[in-house]
Amino acid sequence: MRATLIDGKAIAESLREEVKQKVRERIDKGLPTPGLATVIVGENPASKVYVRMKHKACQEAGIISVGHELPKDATQDEVEDLVRKLNADPKIHGILVQLPLPAGLDEEHVLNTISLQKDVDGFHPINIGRLAQKGREPLFIPATPAGVMYLLEHSGTPLAGANAVVLGRSNIVGMPVSLLLVSANATVTICHSRTKDIPGIIREADVLVAAVGIPEYVRGDWIKPGAIVIDVGVNRVEDDTRKSGYRLVGDVNFDEAAEVAGAITPVPGGVGPMTIAMLLRNTLRAARLADGNHVE
Ligand code: NAP
């Protein structure tokens with residue numbers, strides 16, 4: 001393997017430790033303990049697993065977390081009433097509505113109901129809109145895209161003037177990552193399902209962020225030698241040698257890419273752990289905003 005490994009697990013652990021320390025300092029000073037409320041609507045098993053992981057991480061960081069579950073046939077008004085109640089609760093600094101919502105609910109409208117100052121997932125249309133405007137700052141940046149940027153900064157990747165290629169344009173990963181890279185002065189190309197000659201475009205990339213959800217889609221000979229590769233993909237592939245019957249792989253063929261890239265994130269252990277660490281950081285930030293502090 002030629003590439004340097006970008007160890008998201010270790011980087012996330014040290015960030016979580018830093019958040020824990022700052023939470024403790026707040027409490028020692030008599031400031032309120034940061035509080036996160038999560039809202040799940042329906043019975044999506046993956047959502048339940050993610051939310052459980054978020055609660056566990058909050059507990060470890062000393063952050064209060066309160067879970068709310070609504071049935072899958074909850075109405076738009078019921079979901080929004082709960083969000084409004086949480087907006088008004090001074091013990092709750094961050095509100096996370098776990099996506100996707102069941103069909104029939106207007107996701108954008110629900111996200112729009114979350115108080116901007118409590119939008120720790122960063123998906124409020126105003127926060128996303130600010131991300132897209134030059135010189136405007138969102139109050140919160142969505143956790144996975146923020147994690148991608150943190151890994152790039154942490155690995156010392158120069159972004160100003162770099163050719164960055166983002167594979168995928170979803171609202172939760174591809175598009176916000178692209179906007180953040182533009183803010184960091186990279187020249188960004190966004191690829192999606194209609195893009196022609198993706199291998200040719202990737203061959204020009206100094207920085208590649210892959211978020212397509214296709215196992216090992218990017219091949220080693222597409223990568224420019226020395227490029228920095230951030231693999232957001234988390235895909236299950238069958239593996240009879242594992243007790244579970246599957247293993248997780250990214251959107252990049254790791255073994256091939258690691259022979260060519262300058263640095264690369266593994267899957268698992270790359271972007272994944274950063275997502276939760278960033279949520280904790282955003283929740284701490286929300287508590288500091290509620291104190292009335294200037295937050296840089
Ligand atoms: P998504 O909503 O399904 O979006 C996939 C994107 O990839 C779309 O923009 C789609 O293009 C594009 N695409 C699909 N097939 C393509 C192809 N053959 N060539 C080029 N582009 C193609 O997925 P997502 O939510 O962004 O997630 C992407 C991956 O990241 C998944 O593996 C997911 O599990 C993972 N993920 C990881 C984390 C984490 O914490 N590590 C968080 C979120 C997501 P169109 O827009 O044209 O359809």
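This is a predicted model: local features need pLDDT of at least 70, side-chain atom pairs count only at pLDDT 80 or more; totals for chains, interfaces and linings use all residues.
Trainee: OK. How many Å is the side chain of Ser193 from an oxygen atom of the ligand?

Mentor: The distance is 2.5 Å, taken from an N or O atom of the Ser193 side chain to that ligand oxygen.

Trainee: And what is the distance for Thr275?

Mentor: An N or O atom in the side chain of Thr275 is 2.8 Å from a ligand oxygen. Asn235 also has a polar side-chain atom facing a ligand oxygen, at 3.4 Å. A polar contact is a pair of N or O atoms within 3.5 Å; within protein, one must be able to donate a hydrogen and the other to accept it, and residues adjacent in sequence count only if both atoms are side-chain atoms.

Trainee: Different topic. Where does Pro268 lie?

Mentor: Pro268 is in the loop between strand 11 (263-264) and helix 10. The peptide bond that joins Val267 to Pro268 is cis, with omega about -5 degrees.

Trainee: What about the bond from Leu99 to Pro100, cis or trans?

Mentor: Cis, with omega near 0 degrees. Pro100 belongs to the loop between strand 4 (94-97) and helix 4 (107-113).

Trainee: What is phi for Asn185?

Mentor: Phi is near 70 degrees, which is positive, and Asn185 is not a glycine. Asn185 lies in the loop that runs between helix 7 (174-183) and strand 6 (187-191).

Trainee: Is Asn185 buried or exposed?

Mentor: Asn185 is exposed, because its relative accessible area is 52%. Buried means under 20%, exposed over 50%, and partly exposed in between (1.4 Å probe, protein chains only).

Trainee: Where is Glu216, and what is its phi?

Mentor: Glu216 sits in the loop between strand 7 (207-210) and strand 8 (228-231). Its phi is positive too, about 50 degrees, although Glu216 is not a glycine.

Trainee: Why is Glu216 called partly exposed?

Mentor: Because its relative accessible area is 31%.

Trainee: And Trp222, buried or exposed?

Mentor: Trp222 is buried, at 13% relative accessible area. Trp222 lies in the loop between strand 7 and strand 8. From C-alpha to C-alpha, Trp222 and Val66 are 45 Å apart in space, and in sequence they are 156 residues apart.

Trainee: Back to helices. Where does His55 lie?

Mentor: His55 is in helix 2, which covers residues 45-61 and also holds Tyr50. His55 is buried, with a relative accessible area of 17%, whereas Tyr50 is partly exposed at 45%.

Trainee: What joins the side chains of His55 and Ser65?

Mentor: A polar contact of 2.7 Å.

Conventions:
Residues are numbered from 1 along each chain as its sequence is written. Side-chain values use heavy atoms; hydrogens and water are left out. Helices (H or I, at least four residues) and strands (E, at least two) are DSSP runs, numbered from the N terminus.
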